[in-house]
Amino acid sequence: MVCLGNICRSPLAEGIMQHKIEEKGLNATVDSAGTAAYHIGEPADRRSVLTAKKHGIDITKLRGRQFEVSDFDEFDLIYVMDESNYENLKIMARNDADMAKVDYIMNMVSPGENKIVPDPYYGGDMGFENVYNLLDAAAEEITKKLEQ
Ligand code: 4NP
């Protein structure tokens, strides 16, 4: 799960996905990262933590990290939130096989439409609830893909 800062959207995505993996007993691991270095080592944004908590998910232990080229080897599926994340990974990708692992997370719900999960950083709390609902729907589709 990849966003810009790894403090708002992708930690929520990780928490939601981890919750579903445990709930459904899936054999999968999930992690998150940001394309930027601003928030390395920091906990998730307070508003993401609260939004997750409201839905019974604890993301207090997550810490920000930056996406690394080795993540293309480490993971089979890499989901981005918006076009800026996508373009940043394109710059880091070594070949077509790396980029073949990358998709917009909302394409799990609306295939091929490249819809984005809007950056809630500068908005109010409602933006975080919207992000939660988008990510929960996408994560549900990812679990179906993993169960196939
Ligand atoms: P995120 O949100 O990419 O969902 O973690 C942001 C967090 C921090 C910044 C921008 C977006 N920032 O500019 O510091």
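**Lining of the largest pocket.** I sorted the lining of the largest pocket by class and got 14 nonpolar, 2 polar and 5 charged residues. The model I am working from is predicted. In total, 21 residues line this pocket. I then looked for the ones nearest its centre and noted Thr29, Val30, Phe75, Asp76 and Leu77.

For the volume of the largest pocket I wrote down about 330 Å³.

**Second largest pocket.** I looked up the space in the second largest pocket and found about 170 Å³. Its lining includes Cys3, Leu4, Gly5, Ile7, Cys8 and Arg9. Tyr38, His39, Asp119, Tyr121 and Tyr122 also line this pocket. By class, I recorded 7 nonpolar, 2 polar and 2 charged residues for the second largest pocket.

**Cavity.** Rolling a probe the size of a water molecule over the atoms shows where empty space is left. How many cavities of 30 Å³ or more are there? I noted 1 cavity at that cut-off. The largest cavity has a volume of about 30 Å³.

I went through the residues that line the largest cavity and found Asn6, Ile7, Pro11, Ser32 and Glu42 among them. Pro43, Ala44, Leu62, Arg63 and Gly64 are also in that lining. Sorted by class, the lining of the largest cavity has 5 nonpolar, 3 polar and 2 charged residues.

Methods:
Residues numbered from 1 in each chain as written. Predicted model: local features only at pLDDT ≥ 70, side-chain atom pairs only at ≥ 80, totals over all residues. Heavy atoms only, no water. 1 Å grid on protein atoms, 1.4 Å probe; cavity = no way out; pocket = protein on both sides within 12 Å on 5 of 7 lines; lining within 4 Å. Points joined across faces, edges and corners; volume = space filled by probe spheres on them. Nonpolar A, V, L, I, M, F, W, Y, C, P; charged D, E, K, R; others polar.
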